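Subject: Structure for you to look through

Dear colleague,

I am handing over the structure we spoke about, and I would be glad if you kept it open while you read the notes below it.

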Amino acid sequence: MSLTEYSTGEPTENGVYACRVPLAPVRLGLLEDKFLLWYKDSWKRLGSDQNYRGAVMGWIGPLQRKMP
């Protein structure tokens, strides 16, 4: 089995990503996983047109959304 590593910076493709974000309330060094949408050069919560305001420390994706 191979390990999938998180990328940093901004994605080049629109889509849903598995993201590592600081745990709320912010506790130094603790992160949690969230699924976020990268669309039009900003992170958004799924099902929302509002930008995600937190920091994204790393991401994996875009993830496949349709099942064959």
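What follows is a description of what was found, going from the whole chain to single residues.

Please keep in mind from the start that this is a predicted model. Taken along the principal axes, the C-alpha atoms fill a box of roughly 40 × 35 × 20 Å. Of the 68 residues in the protein, 22% are buried, and the protein exposes about 5,500 Å², of which carbon and sulfur atoms supply 52%.

The four strands make up an open sheet with antiparallel pairing, and their order in that sheet is β3-β2-β1-β4. Because β3 (42-45) and β4 (58-60) stand at the edges and have a single partner strand each, one side of each is left without a neighbour in the sheet. On average, and with direction ignored, neighbouring strands of this sheet are turned by 45 degrees against each other.

Is P11 buried or exposed? Its relative accessibility is 8%, and since buried means under 20%, P11 counts as buried. Leaving aside the neighbours within four places in sequence, P11 is in contact with Y17, W38, W43 and W59. As for Y52, which is 41 residues away from P11 along the chain, the C-alpha atoms of these two residues are separated by 15 Å.

Finally, there is a nonpolar patch on the surface, formed by F35, L46 and L63, which together have about 270 Å² of accessible area. One of these residues, L63, has its place in the segment after β4, and L63 is partly exposed, with a relative accessible area of 30%.

Key. Residues are numbered from 1 along each chain as its sequence is written. This is a predicted model: local features need pLDDT of at least 70, side-chain atom pairs count only at pLDDT 80 or more; totals for chains, interfaces and linings use all residues. Side-chain values use heavy atoms; hydrogens and water are left out. Two strands pair if DSSP finds at least two bridges between them. Helices (H or I, at least four residues) and strands (E, at least two) are DSSP runs, numbered from the N terminus. Axes are lines fitted to C-alpha atoms, for helices over the stretch in contact, and angles run from 0 to 180 degrees between N-to-C directions. Buried means under 20% relative accessible area, exposed over 50%, partly exposed in between (1.4 Å probe, protein chains only). Contact means heavy atoms within 4.5 Å. Patches are made of residues with over 30% relative accessible area and no salt bridge: like charges are joined within 9 Å, nonpolar side chains (Val, Leu, Ile, Met, Phe, Trp, Tyr) within 5 Å. Accessible areas come from the Shrake-Rupley method with a 1.4 Å probe; for residues, only the protein chains shown count as cover. A salt bridge is a side-chain nitrogen of Lys or Arg within 4 Å of a carboxyl oxygen of Asp or Glu.
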